[in-house]
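Here is a structure to work through by question and answer.

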Amino acid sequence: MGNAVYVRKTLMSGPFLQSLQQFAKDSINEEMVELLQPYFQMEDYTFENGKKVCGNVAGLLSWTLAMATFYGINRDVLPLKTNLAKQEGRLKIANAELGKAQSLLDEKQAELDKVQAKFDAAMQEKMDLLNDAEMCRRKMQAASALIDGLSGEKIRWTQQSKEFRAQINRLVGDVLLCTGFLSYCGPFNQIFRNLLLKDLWETEMRSRKIPFTENLNIISMLVDPPTIGEWNLQGLPGDELSVQNGIIVTKATRYPLLIDPQTQGKTWIKQKEKDNELQVTTLNHKYFRQHLEDALSLGRPLLIEDIREELDPALDNILEKNFIKSGSAYKVKVGDKEVDVMNTFKLYITTKLPNPAFTPEINAKTSVIDFTVTMKGLENQLLKRVILTEKQELEAERVKLMEDVTYNKRKMKELEDNLLYKLTTTKGSLVDDESLIGVLRTTKQTATEVSEKLEVAGETEKKINTAQEEYRPAATRGSILYFLITEMSMVNIMYQTSLAQFLKLFDQSMARSDKTPIPQKRITNIIEYLTYETFTYSVRGLYENHKFLFTLLLTLKIDLQRGQVKPKEFQALIKGGAALDLKACPPKPFRWILDMTWLNLVELSKLPQFSEIMNQISRNEKGWKNWFDKDAPEEETIPDGYSDSLDTCRKLLLIRSWCPDRTLSQARKYIADSLSEKYTEPVILNLEKTWEESDKRTPLICFLSMGSDPTNQIDALARKLKLENRAISMGQGQEVHARKLIQVSMVQGGWVLLQNCHLGLEFMEELLETMLTADIPDDTFRVWITTEPHDRFPITLLQTSIKFTNEPPQGVRAGLKRTFSGINQDLLDVSNMPMWKPLLYTVAFLHSTVQERRKFGPLGWNIPYEFNSADFTASVQFIQNHLDECDIKKGISWSTVRYMIGEVQYGGRVTDDYDKRLLNCFARVWFSEKMFENTFCFYSGYKIPVCKTLEQYQDHISTLPAMDSPEVFGLHPNADITYQSNTAADVLNTITNIQPKESGGGVGETREAIVYRLAEDMLEKLPPDYIPHEVKARLIKMGHLNSMNIFLRQEIDRMQKVIKIVRNSLVDLKLAIEGTIIMSENLRDALDNMYDARIPQLWKRVSWDSSTLGFWFTELLERNSQFRVWIFEGRPHVFWMTGFFNPQGFLTAMRQEVTRAHKGWALDTVTIHNEVLKQVKEEITAPPPEGVYIYGLYLDGAGWDRRNNKLTESTAKILFTLLPVVHIFAINTTGPRDPKLYVCPIYKKPRRTDLTYITAIYLRTTVSPDHWILRGVALLCDIK
């Protein structure tokens, strides 16, 4: 207890706590810790228990534990501390030594710094010297490089500097030529452009002493070769004309309007502007305005394609560039709306019309450019295609070469420009500008590389061109064929074929023709396949009368290119002696030779092979006459050895001159000989094959003609192919239904047949848009179109379609077959009366006859009427009704039947009185009780068959001849000569019409020179003017109030007008050809027509028609001669009625004269009568006591028996017979004439119309006048 108090006291005393804090911990040893160990192990020797007794005890307790732990740790630390104390002692000694060493180092460093400073200064001096040396060396190098680099340029630049001075001097003239070219040359072809530039403008500038570059190359002046290369890659053809066109499109200030029938210009523009968001539109596009405004405001190029001859007035301000400045921007009025114009806006306009007649306003506002592909240009394009197919590696090499050359030239140009720029912009010394030296070095290096590459390219190009030339004949033939096809559009506007369609044919021919490793053989295969493929493709879409024309032209064009036919021979073939004046030619040796034949022979004698022909004919009349009289002279031996010396082409020239009616027969031989027999055989339309060629976006167009309708065949084909054919006939308001049919067919498949589309032309444009752009899910969809030719029919639609014709076959057999194919057995059995079937057959025969007569021209019908199956159906229906109603005892009322057929059913179409007479004559001759007799026949071998079934009729029809004699139709066999002659004349006339207007008549002589010579010749022969006071004095002397003299005065006035107009236009034409006055429209027409041996329109309007210019001029001289004799020498005994402007007036004047001579006669009751005399003109020595004698009338369709003064059959091969002098007089009666006389109409010209009709005269005949009515007999004043 006492201890405890002591302990508490001790614990609480201050020195104890301090002694604990300052306890010498390091003095604790192991023994002490061991002594404490038992306490530590006691259970209650813990901090918690100590805490329970007293806080101080607990603190002491934890202290003892801590001290024991400290000892455990300190046992390791004590040796370290001892070592630390040792080491710190050493450190102090070392630091003292370091201090000494440091002071020594500082001293030495100071010395080093001084030396280093000296060293640095010496090194800097050395570097400066080195740099100066280096710079000096570099400058020397640069100077050397400059001297070296520029020395190469020195010669060129010195030369160029001189050239520049000369060029600056010539610049005015050159710029004048270039601006003239850009402004005026666009609408013209290559020949005329050259004429303007070289012949006219350069001559003019020489005369005005304006300096200009001789033989200035417009292309290199206005555009660089790399640009041309770029255009070529974009699809612009590489020929000179196309490049010039490219320049005008891109450089002219006015917006371009491209005449682009082959769409090459359009294709190039689309490619060129492809990356500039080109907008393509058309004038009748429903969003046209929107497209225009968007292009203007967004600054995009706009292409208006396929315009016709007018433009939308909304474009006026744009074309005239009437832009309004608004702040920094520009606006333009489009209609009544102002639209922003961006300066990047471009406008292109294209038309497919090959020869559009734009108004002067359009020509002034736009830059019209003729993009029509040229023959040479197309040839080169086709050559590329051949090479691409046949020698692909060559073409690939050529294109790569072209790209490289273009790139290299452009690079060279850029480097050169950069060098010149650097030279001009460098400030200070040139040797200081390192970049300049770099450019110079690169330029020098590149120039060497480029010139090497260009040299290699030149060599390669030569090799490629040589290899290519081997294939040129195929391209040449292709070019000939394409241009022939395009020429056909001048024959009929519907014959449109696009270049794309032709290229498809061309590629097809290369793919399908026989392959062979021998190039020559392969080329021949391509040419033969291509020619026949093009022939069949084209002929399918031509009318019958144009098929032969195409084939003949095809042969001639190929032979002209081969050089087997000379241009002069070609001109002689198509024109003959049409331009010659009969009076200026050597006289005919024999009367049996026709005037026209003699003129042809005179023209023919100008060719070397025929130089002796006129003398040979004179010496050997019998031989030539016998040959000429043969039915087919071309099959016989030609006199004077010509059969052996002439080939088929030269024989054609001879036959054409001698026997125009045999021209086509000989032409077939020539075609077979030159090309192949297969070209002379008809191409039969295979509708299924035609359909197979089409697709859902290619319409099939059938051109309609008289009596043709393909609907039945199209329906039959649709049934065969198990497709639906939905037909609609176009006309007003039918567009809605057509639209529906098309929509339905596009989705459900099947065909749409749009009939008579010439009555729905607006819808055709819409149809084209639909076909090209609409989504057509069903592949069986097709559009079939039937249309008559129409000049507003969309050309693009024609060019994207397959065209075919379906004309009725010629001949009675074919016509009857066609008619009976539309008849069924029910119609045959509709009546059990015995008269029914013969009547039905006779109407069918009449139906064929009236159609067949059309081909004989005026001999057949004065006007070619469009008789069709509706006339036949109506006539049959009438006869059926009439038989149903007729009384068996009374029989058929023939007058009713004849009236209904002759005046109503068929006669309803007939407008000409003489045609009506002919139709009634057929009704009279064929429709009577006689037709039921066994002996009745229409013509020998053409009977009415007795049949019960349709098959029997078909079998009978098949036995009829394939070729009919004209006598079947009531005409004389000579009518066939007329038909053949007219057909040949039509073919040759059409060829003349479509000839290009720039070719010369022969080597060296131009069209202008030929016409100039002709004009001089005509002026020399032209009669002098009538002097008014002289004419008046003579008329007063003769009795100016006499009706015949009044007529004479009127005729002389008209003659004087003709002479004056002819003289003035010939004088003006000569001046225009010399270039003294402007070539007006009338003068251009005169030049074209005189070159083609035709009558200029201006002359024809005031005078008369004639077949050739030569005959017209001869007639002018003869007419004038009759008037001069009458006025100055007194009234002739015999009048040449052909020579009067107004022959009806002449006959009226004669009636007036006779009426006045008889007291009590009234003009109204006085009629003309006539008597044909036995004398000819030369035998008349005195005038008739009353009336007039006339001569110069020719019988057409009959001959004349001079001994018995009556009509007789024509002599074989004699088409026209000259009637002796006719005495025409007046009688005072209006009563009917003798029905046994033939009433014969007189016409001024072979074309028998109301305009050429004069009067009718009465001719004696022993056979019935009906015979001559069927023969088509008439009198003609002029047979040329």
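The questions below concern a predicted model.

Q: Is Arg726 buried or exposed?
A: Arg726 is found in strand β10, residues 725-729. Its relative accessible area is 9%. Buried means under 20%, so Arg726 counts as buried.

Q: Which residue's side chain makes a polar contact with the side chain of Arg726?
A: Residues that Arg726 touches, not counting those up to four places away in sequence, include Val744, Ser745, Gln748 and Gly749. From Gly749, the backbone oxygen lies 3.1 Å from a polar atom of the Arg726 side chain. The side-chain to side-chain polar contact, at 2.7 Å, is with Ser745.

Q: What is the strand order in the open sheet of five strands?
A: The pairing is parallel. The edge strands, each pairing on one side only, are β2 (279-281) and β8 (367-370). From one strand to the next the twist averages 20°. The order is β2-β3-β7-β1-β8.

Q: Which residue in β7 is the bridge partner of Leu303?
A: Strands β3 (residues 301-307) and β7 (residues 346-351) run parallel and are joined by five bridges. In β7, the partner of Leu303 is Tyr348.

Q: At about what angle does helix α9 run to β8?
A: Helix α9 spans residues 240-251. The helix lies across β1 (256-259), β7 and β8. Its angle to β8 is about 165°.

Terms used. Residues are numbered from 1 along each chain as its sequence is written. This is a predicted model: local features need pLDDT of at least 70, side-chain atom pairs count only at pLDDT 80 or more; totals for chains, interfaces and linings use all residues. Side-chain values use heavy atoms; hydrogens and water are left out. Helices (H or I, at least four residues) and strands (E, at least two) are DSSP runs, numbered from the N terminus. Buried means under 20% relative accessible area, exposed over 50%, partly exposed in between (1.4 Å probe, protein chains only). A polar contact is a pair of N or O atoms within 3.5 Å; within protein, one must be able to donate a hydrogen and the other to accept it, and residues adjacent in sequence count only if both atoms are side-chain atoms. Contact means heavy atoms within 4.5 Å. Two strands pair if DSSP finds at least two bridges between them. Axes are lines fitted to C-alpha atoms, for helices over the stretch in contact, and angles run from 0 to 180 degrees between N-to-C directions.
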